[in-house]
Amino acid sequence: MLTPPGLKGKQYRITGTTYPRLARPNTRRRRIVQSVTGVVVLAVLGWGTFQLVDVFGGGHKKTAAAGCTRTTTAAGSAGGTAAGSADKASGAASAAPSGSAPVSAAPVAAAFAALVPGAIPKPAAVTVNVYNATNRPGLAGQTAAELKKRGFTIGKIGNAPAALENKVPGSAQITGGKAGAAMMTVLGTEVTGSHPVTDKRNDTTVDLVLGNGFSALATPAQAAKAVTLASRPSPSASAAHC
């Protein structure tokens with residue numbers, strides 16, 4: 001029997017043929033944990049030091065300024081694009097009434113300017129006969145009601161003669177005699193795409209024959225502009241006098 005040093009043989013005895021294991025405690029795991037912890041601590045300290053240097057060295061201000069510049073530029077670009085889109089939309093809205101194609105007053109004025117013998121009369125002095133040359137029911141009545149709201153005097157309302165059914169070019173045909181040339185001009189400013197036709201009648205009544213290209217009357221603002229253009233001398237005529 002073997003008795004380990006320091007033990008009193010009288011009190012403790014080891015029996016058997018195997019020696020007891022008296023090695024030092026296993027410190028390998030502890031060393032690994034300590035190494036990993038040290039690396040983490042060093043990494044945190046290094047990152048904190050870099051942040052402090054960056055803040056006190058002015059790098060943070062430069063980054064923030066660059067970010068503000070990019071934000072301001074993007075906002076300005078977006079604002080400019082939105083403003084440009086809004087201006088375009090506003091221009092399109094002012095140029096065309098709801099449910100109709102864009103209206104230009106110049107062609108209307110040019111088409112009827114040659115018919116004006118003198119001052120352009122007021123709508124109340126114009127008697128209009130409204131005829132429907134399309135297959136859309138009620139078109140003549142609806143248009144006549146709108147013209148009446150704008151001050152025109154309404155005469156006859158009905159379907160166009162068979163010779164004109166679905167054969168009117170453009171939006172409408174405005175027919176009148178030489179005595180009603182000024183009346184034709186006033187009515188022509190209300191209907192975009194219309195064209196004048198002169199017949200042999202002696203009175204000043206005017207016929208409005210609606211074609212398949214008609215969708216709606218011009219807005220009052222567009223009609224007023226067309227009247228103004230029709231009452232002015234053409235630029236080509238003025239240039240010829242020079």
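Guide: Start with a definition: two strands count as paired if DSSP finds at least two bridges between them. Keep in mind that this is a predicted model.

Visitor: What makes strand 1 and strand 2 a pair, and in which sense do they run?

Guide: The cut-off is at least two bridges. Strand 1 and strand 2 have five, in the parallel sense. They therefore qualify as paired. Look at V128: I154 stands opposite, in strand 2.

Visitor: Which residue of strand 5 stands opposite V128?

Guide: V206 does. Strand 1 and strand 5 also pair in the parallel sense, again over five bridges. So this pair meets the cut-off of at least two bridges too.

Visitor: What is the strand order of the sheet?

Guide: The order is 2-1-5-3-4, in an open sheet of five strands. The pairing is mixed.

Visitor: Why are strand 2 and strand 4 called edge strands?

Guide: Strand 2 (153–159) and strand 4 (194–198) each pair on one side only. Neighbouring strands of the sheet are turned by 20 degrees against each other on average, with direction ignored.

Visitor: How do you know that strand 3 and strand 4 are paired?

Guide: Count the bridges. Strand 3 (residues 172–176) and strand 4 share five, in the parallel sense. The cut-off is at least two, so they pair.

Visitor: What makes strand 1 "largely enclosed"?

Guide: Buried means under 20% relative accessible area. Five of the six residues of strand 1 are buried, so the rest of the structure largely encloses it.

Visitor: Where does helix 4 lie?

Guide: Helix 4 (residues 139–149) lies across strand 1 (127–132), strand 2 and strand 5 (206–210). Its direction is at about 155 degrees to strand 1. Strand 1, helix 4 and strand 2 together make a right-handed β-α-β unit.

Visitor: How do you know that the buried residues of helix 4 line one face?

Guide: The buried residues are L139, A140, T143, A144 and L147. Viewed down the axis of helix 4, they fall within an arc of 125 degrees, so they line one face. The background is simple: an α-helix has 3.6 residues a turn, so residues three or four places apart point the same way. The buried residues of helix 4 pack against strand 1, strand 2, helix 5 and strand 5.

Visitor: Which residues are exposed on the other side of helix 4?

Guide: Q142, K148 and K149. After helix 4 comes G151, with a positive phi near 100 degrees.

Visitor: Which strands does helix 5 lie across?

Guide: Helix 5 (residues 181–188) lies across strand 1, strand 3, strand 4 and strand 5. The angle to strand 3 is about 160 degrees. Strand 3, helix 5 and strand 4 form a right-handed β-α-β unit.

Visitor: Why is S171 called buried?

Guide: S171 is in the loop between strand 2 and strand 3. Its relative accessibility is 7%. The limit is under 20%, so S171 counts as buried. Beyond its neighbours within four places in sequence, its contacts include V191, S194, V209, L210 and F214.

Visitor: What makes the approach of S171 to the backbone oxygen of T192 a polar contact?

Guide: A polar contact needs N or O atoms within 3.5 Å. A polar atom of the S171 side chain lies 2.4 Å from the backbone oxygen of T192. The backbone oxygen of G193 lies 3.4 Å from a polar atom of that side chain. Each distance falls within the cut-off.

Conventions
Residues are numbered from 1 along each chain as its sequence is written. This is a predicted model: local features need pLDDT of at least 70, side-chain atom pairs count only at pLDDT 80 or more; totals for chains, interfaces and linings use all residues. Side-chain values use heavy atoms; hydrogens and water are left out. Helices (H or I, at least four residues) and strands (E, at least two) are DSSP runs, numbered from the N terminus. Axes are lines fitted to C-alpha atoms, for helices over the stretch in contact, and angles run from 0 to 180 degrees between N-to-C directions. Contact means heavy atoms within 4.5 Å. Buried means under 20% relative accessible area, exposed over 50%, partly exposed in between (1.4 Å probe, protein chains only). A polar contact is a pair of N or O atoms within 3.5 Å; within protein, one must be able to donate a hydrogen and the other to accept it, and residues adjacent in sequence count only if both atoms are side-chain atoms. The arc is that of the directions from the helix axis to the C-beta atoms. A crossover is right-handed if, with the strands pointing away from the viewer, the path from the first strand over the helix to the second runs clockwise.
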